[in-house]
Amino acid sequence: MEVPSKNHEGWYDIITGKKTFELKFLAAKIMLGRLLRGVNDNPTPQNITVSIDQLYNLFAQNSNSRTVQDDIKTIFGK
């Protein structure tokens, strides 16, 4: 399954907490919690971009996982 590009608005929404989702992929769930706290403490565009990169890379590296595919469908509606 293809992971939506880093420019997709869904990444911004999830990393800033604008939209929340119950993720199935445990590593993403843990990472997202950490990244949300970091973005909340430092909401600069650079920090948001770095956080999106980290979450995107985790999804891309595990895109064959069933739970990642389910999370992509949940977040992006694909």
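Entry 1, aromatic rings. I found that Trp-11, Tyr-56, Phe-59 and Phe-76 form one aromatic cluster. The model is a predicted one, in which local features need pLDDT of at least 70 and side-chain atom pairs count only at pLDDT 80 or more, while totals for chains, interfaces and linings use all residues. Residues are numbered from 1 along each chain as its sequence is written, and side-chain values use heavy atoms, with hydrogens and water left out.

I searched the whole structure for aromatic pairs and got 3. Rings of Phe, Tyr and Trp (its six-membered ring) pair if their centres lie within 6.5 Å; planes under 30 degrees apart are stacked, over 60 edge-to-face, and the rest tilted. I looked up Trp-11 with Tyr-56: the ring centres are 5.7 Å apart and the planes stand at 75 degrees, so this pair is edge-to-face. Trp-11 is in helix α1 and Tyr-56 in helix α3 (residues 45-61), so the pair ties together parts that are 45 residues apart in sequence. I took helices from DSSP runs (H or I, at least four residues), numbered from the N terminus.

Are Trp-11 and Tyr-56 buried or exposed? Both are buried. Buried means under 20% relative accessible area, exposed over 50%, and partly exposed in between (1.4 Å probe, protein chains only).

I listed the buried residues of α1 as Gly-10, Trp-11, Asp-13, Ile-14 and Ile-15. The cover over them includes α2, α3 and α4 (66-76). Just after α1, I noted that Gly-17 has a positive phi of about 85 degrees.

I then checked how α1 sits against α3: they pack at about 110 degrees, with axes 10 Å apart. Axes are lines fitted to C-alpha atoms, for helices over the stretch in contact, and angles run from 0 to 180 degrees between N-to-C directions. That makes α1 roughly perpendicular to α3, a label for angles of 65 to 115 degrees; under 35 is roughly parallel, over 145 roughly antiparallel, and the rest oblique.

The axes of α1 (residues 9-16) and α2 come within 8 Å and cross at roughly 80 degrees. These two are therefore also roughly perpendicular to each other. In contact here (heavy atoms within 4.5 Å) are Ile-14, Ile-15 and Thr-16 of α1 with Leu-32, Leu-35, Leu-36 and Val-39 of α2.

I found that the axes of α2 and α3 come within 10 Å and cross at roughly 180 degrees. The two helices are therefore roughly antiparallel. Arg-34 is among the α2 residues that meet α3, and Ser-51 is among those on the α3 side. I looked up Arg-34 on its own: it belongs to helix α2 (residues 26-41), and at 43% relative accessibility it counts as partly exposed.

Which residues have the most contacts inside the largest nonpolar core? They are Trp-11, Ile-15, Ala-28, Leu-55 and Phe-59, in a core of 21 residues. A nonpolar core is a set of buried Ala, Val, Leu, Ile, Met, Phe, Trp, Tyr and Cys residues joined through side-chain atoms within 4.5 Å. The largest share, 6 residues, comes from α3.
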